[in-house]
Amino acid sequence: MDKLNTKELVEKYNFKFTKSLGQNFLTDYTVLEDIVEGANITENDYVIEIGPGVGTLTKELLKRAKRVTSIELDSKLIPILESELSSYENFSLINKDALKVNYRELIGEEKSVKVVANLPYYVTTPIIANLLNDKLDIKSITIMIQKEVAERINGEPSTKEYGAFTLLAKYYCDTKIIRNVPPSCFIPSPKVDSIVIRLDKLDKPRVEVKDEKLFFNIIRQSFNMRRKTLWNSMKAIGLSKELQEKAFEDAGINPTRRGETLTIEEFATLANKIYEIRLK
Ligand code: SAM
């Protein structure tokens, strides 16, 4: 058979799962196919796979992509991956924490880079944030995430899901839900439902912002204390009362609103007005 079978591999190598590394391996072949299909992998693509496990998804990626580099933290998995995938000349493996990899160096001159990841949930958010904030030349990130994280990414203003992470994803990407994945598709079964989502990097950020650091700082302040009015949240930015009043007036935004009600366009307008006022 040309497919790797997760359960057979786990038995063959007598692999012992490490819970702290979020090791829930996919066993359902249709999910693997949907991930590869959903990620739109073609023979021109360089795929960076994060968290390959025993390599079941890796093998499907290798069949389609020009080149695949997999990043795996667990040293116990390295000999398994090497032994099962060594026949693929387009495969390379990095035994490292994905949060410590220099992605710019890894990408080099590659033009069509797609990231595919099925990671422990606690690493997912920082990885996505790093990959986006570092402005790397990446076309898309297809990632398996906890259902609640997907809901946060797709959150609408004035809902509890809407937050700084929603706005980060919205600023850089379009998003597309590929499919739901129930706990029964993994060994061992996780306690939560998962979703495969694709983030397609936009050619340029969704809104024009004069100072990104200020823009994201304003967003952070607005969601730090969700119940606070914008007026109170913005005090942390450090404008005088008069100038803060002017910023809201110029932006046409009522300062008694809460930050969680603002669209990304309104956050951009407010940030740009504050930027201009600070310049004067
Ligand atoms: N891709 C495989 C699959 O779908 O069956 C495995 C997914 S499993 C949820 C997560 C994988 O990420 C594990 O192999 C785990 O060892 C690895 N991992 C955990 N933390 C990591 C980190 N910080 N950097 C790289 N890999 C990590």
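Predicted model: local features only at pLDDT ≥ 70, side-chain atom pairs only at ≥ 80, totals over all residues.
Residues are numbered from 1 along each chain as its sequence is written, and side-chain values use heavy atoms, with hydrogens and water left out.

Strand E2 (residues 46–50) is largely enclosed by the rest of the structure, because 5 of its 5 residues are buried (under 20% relative accessible area, 1.4 Å probe, protein chains only); strands are DSSP runs of at least two residues and helices, H or I, of at least four, numbered from the N terminus. Tyr 46, Ile 48 and Ile 50 point one way from E2, and Val 47 and Glu 49 point the other way. Strand E2 runs parallel to E3 (residues 67–72), to which 5 bridges join it, pairing being assigned where DSSP finds at least two bridges between two strands. The chain passes from E2 through helix H3 (residues 56–64) to E3 in a right-handed β-α-β crossover, that is, clockwise from the first strand over the helix to the second with the strands pointing away from the viewer. Strand E5 (residues 113–118) is likewise parallel to E2 and joined to it by 5 bridges. Ile 48 has Thr 69 as its bridge partner in E3 and stands opposite Val 115 in E5.

Around the ligand are 19 residues, of which Leu 26, Gly 51, Glu 72, Ala 98 and Asn 118 come nearest (a heavy atom within 4 Å). Among the polar contacts (N or O atoms paired within 3.5 Å), a polar side-chain atom of Glu 72 lies 2.5 Å from a ligand oxygen atom.

Methods:
Buried < 20%, exposed > 50% of the residue type's maximum accessible area, 1.4 Å probe, protein only. Polar contact = N/O pair within 3.5 Å; in protein donor to acceptor, adjacent residues only side chain to side chain.
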